[in-house]
Structures are given as C-alpha cells and as structure tokens.
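I opened a new notebook page for this chain. I wanted to write down what I looked up, entry by entry.

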Amino acid sequence: MPTGCRRAFSLLAVIGLAAAFSAPSVAGAATEGTAARAKAASNACASADSLPGRLSATQAQATTLCLMNAQRTARGLRALSAQPTLTKVATGYAKQMADQHFFDHTSPSGSTLLSRVKATSYLAGATNWSLGENIAWGTNRLSTPRATVENWMKSPPHRANLLSSQFTEVGIGLAAGGGTLDDNPDGLGTTYVTNFGKRIMSARSAKQRL
C-alpha cells in the first residue's frame, strides 16, 4: 500500500421495507449491450471521479443520482427522482453515522429506516408504500460517487435496491468521515446513505397535494 494511503472500504448490509412486504422486482443480469449503455451514460455524469470533499453537497448528490440512473435506464427502468424529504432523512443519518462513528442501518439509539421516515410527513396519506436503504463509506478513490455506485452494483443486495422497479424516488445523503473508530480512527473519507421510496397516495391525499 503506497505511503499516505488509508485503508478504505465501501458497503455493508441492505434493508428493504414495504407495506405489503412484497419482494422487489429487479432487472435481470446485464448483457454486453446493457453494460455498454450504462458505461456511456455514466461517463456523461459530471464529477463522477471527484472526491466528495471537492464538491458541494448538491453536486455530489446530483452526480451520485446520475450514476444510479445510468444503471437503471440502461436496463429500461424508470429513472429515480430526487425527493426532498428522503434527502433530508438520508443526509441526517449520514451525518449521524459519521459523527458518532458507527456504520449500521440501526442507530445506537435504535432508530431504523422506517422510524426515521415515519418521523417525517413522507408517508402521510399513503395507502401503500415501499422503502429501502443502501449505505456505504470509503476513503480516497473509494469515496468517489463512481466507486460507490459501482461497488453497490457488485453487491447483490445493494444492486437489488438500486435496480428495483418498486422504487421511484430517492434521497441521497453524504457526510465527511465514516466507519467505526476501530476501522477508521481518524474519521477520514465519506459516508453515503441512499433512501429509496415509492408511495401510492389515497385519492383525497393526492387531490390535496395538487
């Protein structure tokens, strides 16, 4: 390992929750053509290989979303839309993990993806809904948006969330630092949280939102 490089890694477990507890529908394995389309679309995403610390939060989020949607649209899936409430939840949780030096879908105080989202108005008026969460952290080149999305795609459970047709919205949060004190005592790198969602609103709620 070259002098000055830090140990780095990205990815841990994935969680998916749905009101009906139905299994996500995921696109099949990539063909050669699919891979080529995904690569071409990914190469069009600005700042994909930049370190997050050199980007604004908005730029890092937009780049990560662009890379995720490059993988989805190459497979004929609908692009995810950025959702402000989910973004706020994801950003808050990324900062909490980085500040408190833990890396898990459940916080030390016991909050979960479901409880964090339920603390907002995101599910208000929904008759059915789906939620999922991917998390990652890395340092140096493993912390870039491209490296993070590529590693999610190499991990079957993370890939399942990213390519699920069950999700239509996403909130992406990033925070400086990450990992546990044992793994990353200096608090270097970047933590990523992606909160996926889909809501089916009641007719009354949909009308009120117009």
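The entries below follow the order in which I looked things up.

**Ground rules**

I am working with a predicted model, in which local features need pLDDT of at least 70 and side-chain atom pairs count only at pLDDT 80 or more, while totals for chains, interfaces and linings use all residues. Residues are numbered from 1 along each chain as its sequence is written, and side-chain values use heavy atoms, with hydrogens and water left out.

**Entry 1: the disulfide**

I looked for disulfides, meaning pairs of cysteine sulfur atoms within 2.5 Å. The structure holds 1 disulfide. Cys45 is joined to Cys66, with S to S at 2.0 Å. I noted -80° about the S-S bond, which makes the link of Cys45 and Cys66 left-handed. Cys45 is in the loop between helix H1 (32-43) and helix H2 (57-73), and Cys66 is in helix H2, 21 residues apart. For accessibility I used relative accessible area: buried is under 20%, exposed is over 50%, and partly exposed is in between (1.4 Å probe, protein chains only). Cys45 is buried at 5%, and Cys66 is partly exposed at 31%.

**Entry 2: aromatic pairs**

How many aromatic pairs are there? Rings of Phe, Tyr and Trp (its six-membered ring) pair if their centres lie within 6.5 Å; planes under 30 degrees apart count as stacked, over 60 as edge-to-face and the rest as tilted. The count comes to 3 aromatic pairs. One of them is the edge-to-face pair of Tyr93 and Phe102, with 5.9 Å centre to centre and 65° between the planes. Tyr93 is buried, with a relative accessible area of 1%, and Phe102 is buried with 10%. Phe167 and Phe196 also pair; they are stacked, at 5.4 Å centre to centre with 20° between the planes. Phe167 lies in the loop between helix H6 (156-162) and strand E4 (169-176) and Phe196 in strand E5 (residues 190-201), so this pair ties together parts that are 29 residues apart in sequence. Both Phe167 and Phe196 are buried.

I also checked for charges over rings (NZ of Lys or CZ of Arg within 6 Å of the ring centre and within 35 degrees of the ring normal). Arg116 lies over the face of Tyr93, at 3.4 Å from the ring centre.

**Entry 3: the nonpolar cores**

In soluble globular proteins, nonpolar side chains tend to be buried together. A nonpolar core here is a set of buried Ala, Val, Leu, Ile, Met, Phe, Trp, Tyr and Cys residues joined through side-chain atoms within 4.5 Å. The largest core has 21 residues, and those with the most contacts inside it are Met68, Leu80, Val149, Leu162 and Val170. H2, helix H5 (145-154), E4 and E5 each give two or more residues to this core. Its largest share, 4 residues, comes from H2. A second, separate core of 11 residues includes Tyr93, Ala94, Trp137 and Val193.

I followed up Val170 by its contacts, meaning heavy atoms within 4.5 Å. Leaving aside neighbours within four places in sequence, the residues in contact with Val170 include Leu65, Met68, Leu80 and Phe196.

**Entry 4: helix H3**

The 17 residues of H3 should span 24 Å, and the end C-alpha atoms are 24 Å apart, which agrees. Among the buried residues of H3 are Leu86, Val89, Tyr93 and Met97. The cover over the buried residues of H3 includes H2, helix H4 (113-118), strand E3 (126-138), E4 and E5.

**Entry 5: positive phi**

Most residues other than glycine have a negative phi. Ser47 has a positive phi, near 65°, and is found in the loop between H1 and H2. His101 also has a positive phi, of about 55°, and is in the loop between H3 and H4. Ser47 is partly exposed at 29% relative accessibility, and His101 is partly exposed at 28%.

**Entry 6: two single residues**

Is Arg146 buried or exposed? Arg146 lies in helix H5 and counts as buried, at 17% relative accessibility. Not counting residues up to four places away in sequence, Arg146 touches Ser42, Asn43, Ala48, Asp49 and Leu67.

Thr127 is in strand E3 and counts as exposed at 53%. The C-alpha atoms of Thr127 and Ser202 are separated by 5.7 Å, though these residues are 75 residues apart along the chain.

Terms used: Expected span 1.5 Å × (residues − 1).
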